[in-house]
Amino acid sequence: MAEYEWQRIARVIEEEIRSGRIPPGGALSSITRLAEAHGVADRTIRRALRDLRERGLIETLPHKGSYVVDVLPPSDKSNGGASSD
(Lines give C-alpha, C1' and ligand atoms only; values in the text may rest on other atoms or scores of the structure.)
Protein backbone atom coordinates (compact mmCIF):
# COMPACT_ATOMS: atom_id res chain seq x y z
CA MET A 1 0.00 0.00 0.00
CA ALA A 2 1.40 3.36 -1.02
CA GLU A 3 1.74 6.08 1.58
CA TYR A 4 2.36 9.80 1.46
CA GLU A 5 5.73 11.16 2.59
CA TRP A 6 4.11 12.77 5.65
CA GLN A 7 2.68 9.36 6.62
CA ARG A 8 6.08 7.71 6.28
CA ILE A 9 7.73 10.40 8.37
CA ALA A 10 4.99 10.22 11.02
CA ARG A 11 5.52 6.44 11.18
CA VAL A 12 9.30 6.86 11.57
CA ILE A 13 8.87 9.42 14.36
CA GLU A 14 6.25 7.22 16.07
CA GLU A 15 8.70 4.30 15.99
CA GLU A 16 11.37 6.53 17.59
CA ILE A 17 8.88 7.54 20.30
CA ARG A 18 7.58 4.04 21.03
CA SER A 19 11.10 2.55 21.10
CA GLY A 20 12.19 5.16 23.66
CA ARG A 21 14.74 6.86 21.39
CA ILE A 22 12.66 9.98 22.00
CA PRO A 23 11.49 9.54 25.62
CA PRO A 24 8.30 10.87 27.25
CA GLY A 25 8.73 14.61 27.65
CA GLY A 26 11.53 14.59 25.09
CA ALA A 27 11.72 17.29 22.47
CA LEU A 28 11.53 16.54 18.77
CA SER A 29 13.99 18.27 16.47
CA SER A 30 12.86 21.54 14.92
CA ILE A 31 10.71 21.48 11.80
CA THR A 32 13.67 22.79 9.79
CA ARG A 33 16.01 20.06 11.08
CA LEU A 34 13.42 17.33 10.54
CA ALA A 35 12.81 18.58 7.00
CA GLU A 36 16.55 18.51 6.26
CA ALA A 37 16.97 15.06 7.83
CA HIS A 38 14.12 13.56 5.80
CA GLY A 39 14.78 15.54 2.62
CA VAL A 40 11.30 17.06 2.45
CA ALA A 41 9.63 20.46 2.64
CA ASP A 42 8.67 22.09 5.96
CA ARG A 43 4.98 21.64 5.14
CA THR A 44 5.46 17.87 4.89
CA ILE A 45 6.92 17.81 8.40
CA ARG A 46 4.11 20.04 9.68
CA ARG A 47 1.56 17.57 8.28
CA ALA A 48 3.35 14.61 9.91
CA LEU A 49 3.46 16.44 13.26
CA ARG A 50 -0.23 17.30 12.97
CA ASP A 51 -0.99 13.60 12.53
CA LEU A 52 1.10 12.68 15.59
CA ARG A 53 -0.68 15.41 17.59
CA GLU A 54 -4.11 14.21 16.51
CA ARG A 55 -3.19 10.69 17.62
CA GLY A 56 -2.05 11.93 21.03
CA LEU A 57 1.65 11.11 20.69
CA ILE A 58 3.03 14.64 20.84
CA GLU A 59 2.01 18.11 21.91
CA THR A 60 3.25 21.32 20.35
CA LEU A 61 3.84 24.46 22.38
CA PRO A 62 3.84 27.72 20.40
CA HIS A 63 7.38 29.11 20.00
CA LYS A 64 8.75 26.16 22.03
CA GLY A 65 8.50 23.08 19.81
CA SER A 66 6.97 19.64 19.86
CA TYR A 67 7.34 17.20 22.74
CA VAL A 68 6.42 13.57 23.37
CA VAL A 69 3.47 13.25 25.75
CA ASP A 70 4.14 11.80 29.21
CA VAL A 71 1.78 8.84 28.75
CA LEU A 72 1.59 7.32 25.28
CA PRO A 73 -1.74 6.13 23.90
CA PRO A 74 -1.92 2.45 22.89
CA SER A 75 -0.45 1.62 19.50
CA ASP A 76 -2.94 1.43 16.62
CA LYS A 77 -1.40 -1.92 15.71
CA SER A 78 -2.23 -3.61 19.02
CA ASN A 79 -5.96 -4.19 18.30
CA GLY A 80 -6.40 -5.52 21.82
CA GLY A 81 -3.93 -8.35 21.32
CA ALA A 82 -6.60 -11.04 21.78
CA SER A 83 -6.31 -14.18 19.71
CA SER A 84 -9.38 -15.61 18.01
CA ASP A 85 -9.29 -19.27 19.01
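# Salt bridges, a hairpin and a helix crossing

Trainee: Which residue does Arg55 form a salt bridge with, and how far apart are the closest N and O atoms?
Mentor: Arg55 forms a salt bridge with Asp51, and their closest N and O atoms are 3.1 Å apart; a salt bridge here is a side-chain nitrogen of Lys or Arg within 4 Å of a carboxyl oxygen of Asp or Glu. This is a predicted model, in which local features need pLDDT of at least 70 and side-chain atom pairs count only at pLDDT 80 or more, while totals for chains, interfaces and linings use all residues. Residues are numbered from 1 along each chain as its sequence is written, and side-chain values use heavy atoms, with hydrogens and water left out.

Trainee: Is Asp51 buried or exposed?
Mentor: Asp51 counts as buried, at 14% relative accessibility, whereas Arg55 is partly exposed at 26%. Buried means under 20% relative accessible area and exposed means over 50%, with partly exposed in between, using a 1.4 Å probe and protein chains only.

Trainee: What else is in the network with Asp51 and Arg55?
Mentor: Glu14 and Arg18 are, and salt bridges link these four residues into the network. In general, side chains of opposite charge can pair when their charged atoms come close.

Trainee: How many salt bridges turn up in the whole structure?
Mentor: The search finds 7. One of them joins Glu5 to Arg8, with the closest N and O atoms 2.8 Å apart, and another brings the side chains of Glu15 and Arg11 together at 3.8 Å, N to O.

Trainee: Switching topic, what is the order of elements along the chain?
Mentor: The pattern read along the sequence is α-α-α-β-β, from 3 helices and 2 strands.

Trainee: At what angle do the axes of α2 and α3 cross?
Mentor: The axes of helix α2 (residues 31-38) and helix α3 (residues 42-54) come within 9 Å and cross at roughly 105 degrees. The two helices are therefore roughly perpendicular to each other. Angles of 65 to 115 degrees count as roughly perpendicular, under 35 as roughly parallel, over 145 as roughly antiparallel and the rest as oblique; axes are lines fitted to C-alpha atoms, for helices over the stretch in contact, with angles running from 0 to 180 degrees between N-to-C directions.

Trainee: Which residues meet there?
Mentor: From α2 there are Ile31, Thr32, Leu34, Ala35 and His38, which meet Asp42, Ile45, Arg46 and Leu49 in α3, where contact means heavy atoms within 4.5 Å.

Trainee: What about Thr44, is it buried or exposed?
Mentor: Thr44, which is found in helix α3, is buried, with a relative accessible area of 18%. Leaving aside neighbours within four places in sequence, Thr44 is in contact with Glu5, Trp6 and Ile9.

Trainee: Now the strands: in which sense do β1 and β2 pair?
Mentor: Strand β1 (residues 58-61) and β2 pair in the antiparallel sense over 4 bridges, where pairing requires that DSSP finds at least two bridges between the strands. Ile58 has Val68 as its bridge partner in β2, and Leu61 stands opposite Gly65.

Trainee: Which residues of β2 lie on the covered face?
Mentor: In strand β2 (residues 65-68), Ser66 and Val68 form the covered face, while Gly65 and Tyr67 form the uncovered one. In a regular strand the side chains alternate between the two faces of the sheet.

Trainee: What is the phi of His63 in the turn?
Mentor: The hairpin of β1 and β2 has 3 residues between the strands, and His63 in that turn has a positive phi of about 65 degrees, although His63 is not a glycine. Most residues other than glycine have a negative phi. His63 counts as exposed, at 87% relative accessibility.
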